Each structure stands twice: as C-alpha cells, then as structure tokens.
Amino acid sequence: MEGLIFSCGNPLLDLSIKCEDTSLLEKYNIQTGREYCVRDDTYRELFLTIYNMKFSYIPGGAAQNTIRAAQFMLRDHPFATSYVGSVGYDNYAEMMRIAAESLGVRVHYFRHMDAMTGTCAAIVARGQPDRCLVANLGVGARFEPCYLDDPCVAKLLARARYVYLCAYFLGTSMDSVRALARHCTEHNKVFLLNLSSTRLMGAITEHLVDLLPAIQYVFGNAEEALALAEVAGWTERDPGAIAQRVARFPFSQGERVVIITRGKEDTLCAVGDDPVRKFPVPVLPPERIVDTNGAG
C-alpha cells in the first residue's frame with residue numbers, strides 16, 4: 001500500500017486566519033467566496049499584516065490538500081501517498097514538510113535559494129458564509145520536468161498506481177503534466193485530474209482536451225464544467241450533459257469517469273456512454289457551514 005498515490009503540484013503553506021469582523025476584508029477589498037493571487041503591492045501588504053496576526057498553518061496548495069485528505073482516509077497505511085513540489089529554502093518549507101509527514105504523506109520538495117515558499121491566506125470572517133483565499137505562489141509555481149527524473153521522485157512515481165493532478169499544475173508545468181500522462185499510459189496507471197478553478201479554463205482548456213485520452217477520472221464542480229464548455233465552444237450548458245461529453249471523449253484504457261459536484265444539489269457521475277447517475281448530498285444546517293468551498 002505504501003506509495004499508492006502520487007501527486008505533483010504547487011505547494012503552499014496555508015495560513016488560516018479567523019477574523020472577528022470583516023474589517024480586514026474591507027480594507028483590502030476582498031470578497032468572501034473568491035480566490036486572489038498576489039500580483040501587486042496591495043496583497044503583499046495584506047500578507048505583511050497577516051504575518052503579525054494569530055494564524056494556524058497547514059500544508060496546502062490544491063493537490064497537496066487532496067493528498068492529505070486521501071492519506072487521512074488511508075490512515076491505517078502510513079505513507080500510502082506521496083507529493084512532490086518546489087519550495088524555498090526557508091522556515092515555511094520546513095514547517096510544511098514536518099506537518100505533511102506527521103500526517104503520513106511522503107513529501108519530496110525541491111528547494112530554491114532565490115525565492116520564498118508559496119503561501120495562501122485562508123480568511124474566515126465571523127458571520128460570513130465562506131472563506132476567501134489570497135495566494136502568493138512564490139517558488140511553488142516553479143516546477144521543471146527534469147525533477148521527475150530525480151532518483152527519489154522516479155522511485156515514488158514507479159511505485160504509484162494512481163497519479164493525481166490539479167489543473168493549476170497545467171498552468172505552471174505543462175511539460176511535466178505531459179510526461180506524467182505518458183507514464184500513466186505506458187504503465188497502465190490511473191491518471192486523475194481536478195478542474196480546480198473557473199479562472200483557469202481560458203488558459204488550459206486546449207491542453208486539457210489534448211490530455212483527455214490519458215485521463216481516467218475528471219473531477220470538478222458545476223461552475224468549472226460550464227466554464228470548460230464555454231471556452232471549448234461546446235453547446236452544452238447543463239452540467240450533466242457536459243459531464244457526459246467529457247466522459248465520451250476517447251480514452252486509451254476503457255471508460256472515463258467524470259464527477260461533478262453542485263454544492264447541496266445531487267453530485268453527478270458520468271461513466272462512458274452510460275446515463276448520468278445522481279448521488280444525494282447530505283444537507284447541513286447553515287450554522288455548521290464554515291466554508292462552502294469545502295475543499296481546502
């Protein structure tokens with residue numbers, strides 16, 4: 001069971017901040033339920049403010065979050081999962097490594113001297129329905145295909161039966177994604193991809209469609225599915241119909257499975273040419289909901 005699932009991604013140290021009011025969000029014009037990326041001095045100033053606040057930290061980045069969840073489900077099998085990414089040569093990288101490995105995730109980080117480890121502020125304000133995310137990718141966005149040839153990484157990849165990626169990685173290291181897709185096809189491994197974000201679709205849809213013959217499982221939510229269809233020029237606007245279209249794309253090793261979540265509505269599952277199946281989602285009372293995103 002060790003090394004069953006392998007993943008690469010853009011590692012970020014998640015800084016979780018709970019605010020008593022919305023003043024921090026208002027100061028930096030941040031809306032709940034949205035994600036932002038540091039591109040100007042406004043958000044850099046936000047991070048300087050956050051560093052002086054009380055926060056908890058966890059190993060983050062979309063793919064690393066999923067791997068942590070998978071390892072939790074496989075908690076009787078330590079190091080059933082492995083994760084590879086780029087970090088800085090700083091305390092944040094070491095904090096992230098220690099936290100990830102304490103959860104049973106085997107991590108291999110490539111350290112860079114010239115940039116900081118990526119961070120992501122997850123801000124939850126009292127009385128607001130969900131969080132907002134502000135990411136400073138740092139060196140997390142710097143991943144070279146040659147890293148896959150590193151002896152330690154090659155060993156982790158060779159042992160894995162499943163390879164999981166998030167679409168964010170397509171935007172930062174497409175050549176690495178293609179290499180992993182070839183590896184899965186040549187070695188009859190299961191390749192899984194999460195659509196990750198609506199804002200990515202414009203940049204990655206063409207690459208995604210090219211990769212589909214190697215991808216066995218596609219995950220996403222209804223908004224991401226719709227964004228994919230719009231960018232690809234498809235006529236479908238119903239999430240179930242979009243899921244079916246993706247499921248029916250040629251796949252080199254059998255049937256593809258497409259899973260689309262829709263918040264509190266039924267989750268949709270399309271498999272090959274079969275009719276779309278629906279799975280009910282247990283309803284939670286509003287007071288128990290901290291984050292409607294639910295994935296971080």
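## Helices H7 and H8

Helix H7 (residues 201–211) and helix H8 have axes that come within 9 Å and cross at roughly 75°. Here helices (H or I, at least four residues) and strands (E, at least two) are DSSP runs, numbered from the N terminus. Axes are lines fitted to C-alpha atoms, for helices over the stretch in contact, with angles from 0 to 180 degrees between N-to-C directions. H7 is therefore roughly perpendicular to H8; angles of 65 to 115 degrees count as roughly perpendicular, under 35 as roughly parallel, over 145 as roughly antiparallel and the rest as oblique.

On the H7 side, the contact is made by Met-201, Gly-202, Thr-205 and Leu-208, and on the H8 side by Glu-224, Ala-227, Leu-228, Val-231 and Ala-232. Contact means heavy atoms within 4.5 Å. By class, these residues divide into 6 nonpolar, 2 polar and 1 charged. Ala, Val, Leu, Ile, Met, Phe, Trp, Tyr, Cys and Pro count as nonpolar, Asp, Glu, Lys and Arg as charged, and the others, Gly among them, as polar.

## About the model

This is a predicted model, in which local features need pLDDT of at least 70 and side-chain atom pairs count only at pLDDT 80 or more, while totals for chains, interfaces and linings use all residues. Residues are numbered from 1 along each chain as its sequence is written, and side-chain values use heavy atoms, leaving out hydrogens and water.

## Helices H8 and H9

Now follow H8 to its meeting with H9. The axes of H8 (residues 222–232) and H9 (residues 239–248) come within 9 Å and cross at roughly 65°. Ala-222, Ala-225, Leu-226, Leu-228 and Ala-229 of H8 make the contact with Pro-239, Ile-242 and Val-246 of H9. This contact has 8 nonpolar residues, no polar ones and no charged ones.

## The nonpolar cores

Which residues touch the most other members of the largest nonpolar core? They are Phe-6, Cys-8 and Phe-191, in a core of 47 residues. A nonpolar core is a set of buried Ala, Val, Leu, Ile, Met, Phe, Trp, Tyr and Cys residues joined through side-chain atoms within 4.5 Å. Buried means under 20% relative accessible area, exposed over 50%, and partly exposed in between (1.4 Å probe, protein chains only).

Not counting residues up to four places away in sequence, Cys-8 touches Ala-63, Tyr-83, Val-84, Phe-143, Leu-148, Tyr-164, Leu-165, Phe-169 and Leu-180. A second, separate core has 38 residues, including Ile-5, Ile-30, Ile-123 and Cys-166.

Ser-176 sits in helix H6 (residues 174–186) and counts as buried because its relative accessibility is 0%. Neighbours within four places in sequence aside, Ser-176 is in contact with Phe-143, Glu-144, Pro-145, Leu-148 and Phe-169.

Leu-12 belongs to strand S2 (residues 12–19), and its 7% relative accessibility means that Leu-12 also counts as buried. Beyond its neighbours within four places in sequence, the contacts of Leu-12 include Ile-58, Pro-59, Met-96, Cys-120 and Leu-137.

## Two loop residues with positive phi

Asn-29 is a residue other than glycine with a positive phi, near 55°. Asn-29 is in the loop between helix H1 (23–27) and strand S3 (35–37), and counts as exposed because its relative accessibility is 62%.

Phe-79, in the loop between helix H3 (62–73) and strand S5 (81–88), has a positive phi near 60°. Phe-79 is partly exposed, with a relative accessible area of 22%.
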